[in-house]
Amino acid sequence: MRVTESDLRLTDGRTLHVYDTGGDGLAVFWHHGTPNTGAPPAPLFAAAGKLSVRWVSYDRPGYGGSSPLPGRDVASAAADVRAVADALGIDRFAALGHSGGGPHALACGALLPDRVLGVVTAAGLAPYDAEGLDWFAGMVPSSAASLRAAVEGRAAKEAYEAGAGYDPEMFTDADHDALAGTWSWFDEVVGPALEAGPDGLITDDLAYVTPWGFDPVRITAPLLRLHGGQDRIAPAAHSRWLADRCPTAELRVRPADGHISVLDAGAEALEWLAARAG
C-alpha cells in the first residue's frame, strides 16, 4: 500500500497531518497509541489489501505534523476525524484504535453514530471514572506511576516525564518478541512522536484520567474489545468493564498476549470490521 501524506487546515486555524492509502473500499480510521505518530500500521497492510480496506489516519494534536490543542479531551478526536473524513469525501467509515488510540476510537463511535460503521479497540483503557473498576490494578508500577502523575495535573505530569525512562518490564516476553519481529514497525512511529518533546504524550495521559466528554456505553455501532490477558499497561479488566456494559460489544481476550503482541490478531479484527461494515 502507498501512503499519501497531507496537511489539513482546520477552521480553528490548527493543522492536522493526515495519512491516506486511498481506494474505494471500507475506510478504517487508525487511532494511534501513546506516544506514536499516526502513520497507519504497515504490518496490517497485507490483510487490509485482501479486504480492500482503505487506511486513513492523522497525528493527534501535539504529535508529528499536527498542531497542539491545549486541554484537549478524548471527545475532541471525533471532530478531528469528521473534518478529515469530510475533506477526503468519506461518508461512512470504521475506527480501529490501539492502546491510547482505543478511547479515541470509542469517541468516534459514541459521537459520530451516523457515520461510524464499527469500532475495534486493542489494548484500550476504560474511562478513569469507570464505576466498580479498580483502574490501576494489574498495571506495571511504572505505568501506574505515570498515570497517577497525570491525575495530579499537568505540572506533576511534566515533572514526572522529565525524569522518566524506558521500563522494559511494561512488556511481556510475547511483547518483546513482537517488537523484535513484525511489530518492530513501532520504531518508525515512536521516535518521531517524541522529537518535538513530550507534549503529545502528556496531553494524551491527562485526557485519559479526566472526563472523556462522552459515555462509551452509548455506542450503538458494533464494537469489538480485543485484549491481551497478560497486558501490563492497560489490563484486560478495562475491556471487560466496557464489554459488560455496552450492548453492542464483543470481547476477545487472548490469554497469552500482552500490550503489543495482541496486535498479531489485527488481521482478525479487520475481518470482523469488514463483515459488520458490509
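**Close-up views of a predicted model**

**View 1. Helix α8 is largely enclosed by the rest of the structure, because nine of its ten residues are buried.** This helix covers residues 199-208 in a model that is predicted. "Buried" here means under 20% relative accessible area. Look for Gly200, Leu201, Ile202, Thr203, Asp204, Asp205, Leu206, Ala207 and Tyr208, which are buried in α8.

**View 2. The neighbours of α8 are helices.** Which elements do the buried residues of α8 pack against? They pack against α3, α4, α5 (154-163) and α7 (187-194).

**View 3. Thr34 and Pro35 are joined by a cis peptide bond.** The omega angle of this bond is about -5°. To find the spot, follow the chain into the loop between β3 (27-31) and α1 (45-50), where Pro35 lies.

**View 4. Ser99 has a positive phi, although it is not a glycine.** Its phi is near 55°. You can find Ser99 in the loop between β5 (93-98) and α3 (101-111). Is Ser99 buried or exposed? Ser99 is buried, because its relative accessible area is 12%.

**View 5. Ala123 is another residue other than glycine with a positive phi.** Here phi is about 60°. Ala123 sits in the loop between β6 (116-122) and α4 (141-151). With a relative accessible area of 1%, Ala123 is buried. As a reminder for reading such views, most residues other than glycine have a negative phi.

Key:
Residues numbered from 1 in each chain as written. Predicted model: local features only at pLDDT ≥ 70, side-chain atom pairs only at ≥ 80, totals over all residues. Heavy atoms only, no water. Helix = DSSP H or I, 4+ residues; strand = E, 2+ residues; numbered from the N terminus. Buried < 20%, exposed > 50% of the residue type's maximum accessible area, 1.4 Å probe, protein only. Contact = heavy atoms within 4.5 Å.
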